[in-house]
Amino acid sequence: MKNTEMAQKIKELRSRKGFSQEQLAETANINLRTVQRIEAGETEPRGDTLKRIANALNVVPDELIDWAEQDDKEFLVFLNISALCFIVFPLLGIIVPLAIWMLKKDKIRNINETGKRLVNFQITWCLVVFLLYALVLISVMLNMSIPLPNLSEHSNGRVEIIMIIPVFYVINGVMILINCIRCYYRKKVFYQPAFGFLR
């Protein structure tokens, strides 16, 4: 972690508590110059100093360490791969990435943008797939045909719809894999088409 990231977190927490640098140094029982050097990003608190500052700010040391957004392309790749759970059950393609995203929200660079785009795409995909399933189910229950263009007179449209559904599964999988590669090379994810459910 860069010293500047730790410095920003400590400054932010100190400001929230309404402490001056002097008050933080006094409460943490450390030298004022140490606080100044830490907040300037010249040094990073470790061991006992880290514990003292964390105690003075009413946080655990891990919160200071984990706060700063880290550049973790492997985690972003993992976040995208987690959406492949849609293969087991479509809603898992939303639930699993959403849970993983919330777990590391604001801690990894670009995770919020990646998470929103991924989840928006998965929600859109689920709605389309469920509508196709519903269309087939309703046509069976009401014993009616589905009006599709270029439909032969002997077909009721159900088979055609059922044959389209695997294509949507393939599209979803391909989009996930493409975006895993994009994340690995630190490029922005591209999930389209998708409605902006999460902004």
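Is arginine 117 buried, exposed or partly exposed? Arginine 117 is partly exposed, with a relative accessible area of 37%. Here buried means under 20% relative accessible area, exposed over 50%, and partly exposed in between, using a 1.4 Å probe and protein chains only.

The model is predicted: local features need pLDDT of at least 70, side-chain atom pairs count only at pLDDT 80 or more, and totals for chains, interfaces and linings use all residues. Residues are numbered from 1 along each chain as its sequence is written, and side-chain values use heavy atoms, with hydrogens and water left out.

Stay with arginine 117. It forms a salt bridge with glutamate 113, the closest N and O atoms being 3.2 Å apart. A salt bridge is a side-chain nitrogen of Lys or Arg within 4 Å of a carboxyl oxygen of Asp or Glu. Both residues lie in helix α8, 4 residues apart, about one turn of the helix. Helices are DSSP runs of H or I, at least four residues, numbered from the N terminus. Glutamate 113 is partly exposed, at 25% relative accessible area.

Arg117 is also touched by tyrosine 191, which contacts Leu118, Phe121 and Ile176 among others, not counting residues up to four places away in sequence. Contact means heavy atoms within 4.5 Å.

Next, the packing of α6 and α7. Their axes are 8 Å apart, at an angle of about 155 degrees. Axes are lines fitted to C-alpha atoms, for helices over the stretch in contact, and angles run from 0 to 180 degrees between N-to-C directions. The two helices are therefore roughly antiparallel, a label for angles over 145 degrees. Phe75, Phe78, Leu79 and Ser82 of α6 meet Val96, Pro97, Ile100 and Trp101 of α7.

The whole structure has 6 salt bridges. One joins arginine 33 and glutamate 42 at 3.5 Å, N to O. Arg33, Arg37 and Glu42 are linked in a network of salt bridges.

Terms used
Parallel < 35°, antiparallel > 145°, perpendicular 65-115°, else oblique.
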